[in-house]
Amino acid sequence: SSGINAEYGGPRIGALYASVPLRPFLYGGGQERGLRPGTENTPMIAGLGEAAELAGTMSPKIRDHFEGLLVKELGELVRINCGSAPSRLPNTSNFSIRGTRSRDVLSRVAFTASRGAACHSDRETPSPVLLRSGVSVEDALSSIRISFGRDSTLHDAEFAVAELTRALGKHEN
């Protein structure tokens, strides 16, 4: 399903872009050209469309501010994963803090973020998505993914960096 749905849409709805022919795994009605049975969830479909529009208006300004501050504060300890990818989500940063484990770091901060890649955050193994993107095993194990929502501010990005530096013992309060 779509990354925009997780941030802005509702549950039980997603979009799939397929470049290969699909075969049904459930049979019944002729919906979706015979690919699935059941009635389409029209309110959720409309919500996903609205979510796509909202996501299209997002600016990378807060994400870029966050990443710039993070690199300034942590220097060589931090690696911005897939930072040069042209199709990055404008509101999401995936980074690694070398010499740490993301679970340990996230247990010491006062904000919510996830480990690894979106489809792999509940596992203790490195994300295959990150590995295929050229991220090393060690960096994949220490990766953290933070998303900024439509109500996030530059101050929120600054707070997250301050929390990370505090959690790592880089600055005393």
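I started at Glu138, which counts as partly exposed at 48% relative accessibility. For these labels, buried means under 20% relative accessible area, exposed over 50%, and partly exposed in between (1.4 Å probe, protein chains only). This is a predicted model, where local features need pLDDT of at least 70, side-chain atom pairs count only at pLDDT 80 or more, and totals for chains, interfaces and linings use all residues. Residues are numbered from 1 along each chain as its sequence is written, and side-chain values use heavy atoms, without hydrogens and water.

**Entry 1: salt bridges**

Which residue pairs with Glu138 in a salt bridge? I found Arg101, at 3.3 Å from N to O. Glu138 sits in helix H7 (residues 137–141) and Arg101 in the loop between S2 and H5, so the pair ties together parts 37 residues apart in sequence. Helices (H or I, at least four residues) and strands (E, at least two) are DSSP runs, numbered from the N terminus. Arg101 is partly exposed, with 34% relative accessibility.

I then searched the whole structure and got six salt bridges. The criterion is a side-chain nitrogen of Lys or Arg within 4 Å of a carboxyl oxygen of Asp or Glu. Side chains of opposite charge can pair when their charged atoms come close.

Next I checked Glu67, which bridges to Arg88 with the closest N and O atoms 2.4 Å apart. Glu67 is in helix H4 and Arg88 in the loop between strand S1 (78–80) and S2, so this pair links parts 21 residues apart in sequence. Are these two buried or exposed? Glu67 is buried at 8% relative accessibility. Arg88 is buried too, at 18%.

My next pair was Arg166 and Glu163, with 2.8 Å between the closest N and O atoms. Both lie in helix H8, three residues apart, about one turn of the helix. Arg166 is partly exposed at 31%, whereas Glu163 is buried at 10%. I also noted a network: salt bridges that share partners join Arg79, Arg98 and Asp139.

**Entry 2: loops**

Ser127 is in the loop between strand S3 (114–115) and helix H6 (128–132). I read it as buried, at 1% relative accessible area. A polar atom of the Ser127 side chain lies 3.2 Å from the backbone nitrogen of Val129.

Gly149 is in the loop between strand S4 (143–147) and helix H8 (154–167). Its relative accessibility is 24%, so Gly149 counts as partly exposed. I found its C-alpha atom 6.9 Å from that of Asn91, 58 residues away along the chain.

Leu16 is in the loop between helix H1 (3–8) and helix H2 (31–34). It is exposed, at 68% relative accessible area.

**Entry 3: whole chain**

I counted eight helices and four strands. Of the 173 residues, 33% count as buried.

Technical notes:
Polar contact = N/O pair within 3.5 Å; in protein donor to acceptor, adjacent residues only side chain to side chain.
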